[in-house]
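Here is a short note to read beside the model. Keep the sequence open as you go through the points.

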Amino acid sequence: MLFAEFDHGAIVRKGTGRATPRMIRFVIGNPLIMRQMVQHVPDAGSYAPITILIDERSDGVHLSYDRMTSFLAPYNNATALNVARELDAKVEALLASAAA
């Protein structure tokens with residue numbers, strides 16, 4: 001589910017007058033997955049839905065994603081971490097498919 005889309009590149013382009021960079025931030029997620037994490041670690045709501053950044057650079061298009069497991073690891077909750085691992089695997093598969 002797409003929650004929001006931000007055109008970061010437009011902000012940069014306004015200052016330069018150029019047609020580049022093209023950079024978009026997507027805030028996406030599945031509310032059911034977020035609920036599973038928040039039930040065990042309420043602070044997970046600060047990190048979900050996730051953010052994916054797609055930006056064009058001189059060496060190609062880059063896809064960026066901060067793994068949910070990195071956010072939730074400090075809370076030491078095995079159940080929430082398991083959900084986060086599954087989410088990371090899904091997002092990384094999606095990004096790999098998009099990059100192909």
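1. Start with a loop. Pro49 sits in the loop between α2 (31–40) and β3. This is a predicted model, so treat each value below as computed.

2. The peptide bond from Ala48 to Pro49 is cis. Its omega is near 5°. For background, most peptide bonds are trans.

3. Pro49 also belongs to the lining of the largest pocket. How much space lies in the largest pocket? About 150 Å³.

4. Now find the pocket on the strands. β2 (23–28), β3 (50–57) and β4 (60–65) each supply at least two residues of its lining. Which element gives the most? It is β3, with four residues.

5. Check the lining residue by residue. It includes Arg25 and Val27. Tyr47, Ile50, Thr51, Ile52 and Leu53 are also among the lining residues.

6. Eight residues are nonpolar, two are polar and two are charged.

7. Move to another loop. Asn76 lies between α3 (68–72) and α4 (78–99). Its phi is positive, about 50°, although Asn76 is not a glycine. As a rule, most residues other than glycine have a negative phi.

8. Is Asn76 buried or exposed? Asn76 counts as exposed because its relative accessibility is 67%, and the cut-off for exposed is over 50%.

Notes:
Residues numbered from 1 in each chain as written. Predicted model: local features only at pLDDT ≥ 70, side-chain atom pairs only at ≥ 80, totals over all residues. Heavy atoms only, no water. 1 Å grid on protein atoms, 1.4 Å probe; cavity = no way out; pocket = protein on both sides within 12 Å on 5 of 7 lines; lining within 4 Å. Points joined across faces, edges and corners; volume = space filled by probe spheres on them. Nonpolar A, V, L, I, M, F, W, Y, C, P; charged D, E, K, R; others polar. Buried < 20%, exposed > 50% of the residue type's maximum accessible area, 1.4 Å probe, protein only.
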